[in-house]
Amino acid sequence: MGRGGPGTLPIAPQVLRGPTGPALARGSAEPPFPGGGEGRTVDERYDFHSHTFLTDGETAATDMWHQAVRLGHRALAITDHLYTEDPRPMMERLLQEQKAFEVEGFHTLVGVEVSMAPPARIAEIARAARKAGAQIVIVHGETPVEPVPPGTNRAAISSNEVDLLAHPGLLTEEEARLAKAHDVVLELSSRRGHSLGNGGVAKLALQLGAELVVDSDAHSPDHLLRQEFARKVALGAGVPLAHVQRVLTETPQRLLQRCARGR
Ligand SMILES: [Zn+2]
Ligand SMILES: [Zn+2]
């Protein structure tokens, strides 16, 4: 399925190190990514979930990206909430900002977080977002702290339209299995409330081979995470030390590659 829509994705090939085509969930047999020559793989921060004032965030995408650069990020996705409305006005604005923003070695992604939609409509909404130019589609999962429609996790994971399930909450074993089968990345969240589900999500993902990342779900620049703190979120969720680099660097790099070429 192509991404469609306007705008090209400014991902500089020199930063996309490592194997170029493996499906996200098939990476376990591959050698670890090389250190990139600078020995800084472990310190590169990738974040696939944040918001702007186009929905309930505090500031503009440009401001979020500048702060991400200051904190040593290699990539920050803006994923503003999309309910059931037309995604085009929001995506047009984000794509304009993306086009105007250029910092060497830093990747911008613009997309949506499908939120509170009837589960049966998630696939269709995600498709509309991609058609409007979304380079990443995430879904607002069944966090323990909000009344997300039951069945959202499963619909998101099974849709074949979604890259990442945000704060899945009380993830089930079946959902973790499906996430692996459908190459949907599961999120460990540093956000208050959403983070209550992290331990269970990490445990099942590790058991069943689903991939994990650590995201901020930042609604303002000061919610963005430094890499040291993201590491604490992963370890605190129960990710073993030997697996931390996979969660913080290798899976994010593969996810970034996949977003660059379209799901
Ligand atoms: Zn929000
Ligand atoms: Zn969010």
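**Briefing: a residue, a sheet and its helices**

R88 counts as partly exposed because it has 14 C-beta neighbours inside 10 Å. The cut-offs are these: 20 or more other C-beta atoms within 10 Å make a residue buried, 12 or fewer exposed, and anything in between partly exposed, with C-beta atoms placed from the backbone. This is a predicted model, in which local features need pLDDT of at least 70 and side-chain atom pairs count only at pLDDT 80 or more, while totals for chains, interfaces and linings use all residues. Residues are numbered from 1 along each chain as its sequence is written, and chains are lettered from A and ligands numbered from 1 in the order in which they are written.

**Around R88**
- R88 sits in helix α2, residues 88-100. Helices (H or I, at least four residues) and strands (E, at least two) are DSSP runs, numbered from the N terminus.

- Seven strands make an open, parallel sheet in the order β1-β2-β3-β4-β5-β6-β7. Two strands pair if DSSP finds at least two bridges between them.
- β1 (45-47) and β7 (212-215) are the edges; each has a single partner strand, so one side of each lacks a neighbour in the sheet.
- From one strand to the next, the twist averages 30 degrees. Axes are lines fitted to C-alpha atoms, for helices over the stretch in contact, and angles run from 0 to 180 degrees between N-to-C directions.

**Strand β2 and its partners**
- β1 and β2 (residues 73-82) run parallel and are joined by three bridges. D47 stands opposite L76 in β2.
- Nine of the ten residues of β2 are buried.
- Eight bridges pair β2 with β3 in the parallel sense. Here T79 faces G111 in β3.
- A right-handed β-α-β crossover leads from β2 through α2 to β3. Right-handed means that, with the strands pointing away from the viewer, the path from the first strand over the helix to the second runs clockwise.

- Contact requires C-beta atoms, placed from the backbone, within 7 Å.
- Helix α7 (residues 227-236) lies across β1, β6 (185-189) and β7, at about 130 degrees to β7.

Technical notes:
Two residues are in contact if their C-beta atoms, placed from the backbone, lie within 7 Å.
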